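Subject: Structure handover

Hello,

Here is the structure I promised to pass on. Please open it and keep it beside you while you read the notes below.

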Amino acid sequence: MKLLTLIENTAASEKLCTEHGLSFYIEHMGKKILFDAGATGLFAKNASRMLIDLKKLDIAVLSHNHIDHAGGLDVLLGYRPNIKIYAKKAVLNGVFKKAGIFQIPIGLSSGYFEKRAENFVLFNSFQQIADGAFLMSCEVFEPYFTDKTLLMKKDKKAVADDYSHELFMVVFPSGEPEDGIVVISSCSHAGVVNILNTVRLTWEGVPIIGFVGGIHLTTKGGKKLICSFEEIEKIAEEIKGMDIGQIYVCHCTGQKGYERLKIQLGDQIQYLRAGEELEF
């Protein structure tokens, strides 16, 4: 399995674009997969500079309905008009953030998905998209590890977002369970520990050899932590106790969040920038 970061808040080269957004290009078992499309479509410019032909994509995935992951979908459809985009059914619900007395939409409207219904494959909790590649919902919830700052619409009322519109990807790089699995997330709003525990419950005894993605510890731009040092230390302690492999974080983890995690996780954790490539 090969994974390249097409867009992220930072870049490994000055020749690559950056933005507060995330997009991964994944090659696995002969399939070419786009995981998220960033905020604006800059992922496509970087893909061109990285010699990745988006017209040859087989599958796309929308990890959750936040604009920094969904904003580039129209650019994607310009390259691949008939591509199937896998997402949770709950993307049809509105998502918001609070600004004083106002509720500001932070995702695509339900009308967007209805207009492009032929492209979207919406599912509830579990979906296989290729040999050895699955999309899942978080099924373990501990409030201590969950981002509680965002809102969603439920029964026409604004309530705390339960991240039912969020998914993550599980890949068997070799195709054989005994060789382990890699977990690919985006923002891990439901909590990275909860996500990892969900995977362990689903595939009991199968080693997790890698985690790639954001761990939502900071606000937009990564300048301000949304949780305490003690909470970050607890997350690191839980991860250390799981006996998993290498961890590559990015995007909403923020540099401050990454630096705090690295104090405890050391060489087990690395920051992943646009233009960088991983192989498992």
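First, a definition: helices (H or I, at least four residues) and strands (E, at least two) are DSSP runs, numbered from the N terminus. This is a predicted model, in which local features need pLDDT of at least 70, side-chain atom pairs count only at pLDDT 80 or more, and totals for chains, interfaces and linings use all residues. Residues are numbered from 1 along each chain as its sequence is written, and side-chain values use heavy atoms, with hydrogens and water left out.

Start with the sheet. Strands of a sheet pair through backbone hydrogen bonds, either parallel or antiparallel. Two strands count as paired if DSSP finds at least two bridges between them. Here, seven strands form an open sheet in the order β8-β5-β4-β3-β2-β1-β18, and the pairing is mixed. On average, neighbouring strands are turned by 25 degrees against each other, direction ignored. Such angles run from 0 to 180 degrees between N-to-C directions, with axes as lines fitted to C-alpha atoms, for helices over the stretch in contact.

Look inside the sheet next. β4 (59-61) and β5 (85-88) run parallel, joined by two bridges. A60 has I85 as its bridge partner in β5. Helix α1 (42-49) lies across β1 (2-7), β2 (23-28) and β3 (31-35). Its direction is about 125 degrees to β1. Contact means heavy atoms within 4.5 Å.

Now a hairpin. β9 (126-130) and β10 (133-136) run antiparallel, with four bridges between them. F126 stands opposite M136 in β10. Two residues lie between the strands, and G132 takes a positive phi near 70 degrees.

The model has five salt bridges (a side-chain nitrogen of Lys or Arg within 4 Å of a carboxyl oxygen of Asp or Glu).

Last, the lining of the largest cavity. C138, Y163, E166, L167, F168, A190 and I195 line that cavity. A cavity is a set of points, on a 1 Å grid over the protein atoms alone, where a 1.4 Å probe fits but cannot get out; lining residues have an atom within 4 Å of a point.

Best wishes

Notes: On a 1 Å grid over the protein atoms alone, a cavity is a set of points where a 1.4 Å probe fits but cannot get out, and a pocket is an open set with protein on both sides within 12 Å along at least five of seven lines; lining residues have an atom within 4 Å of a point.
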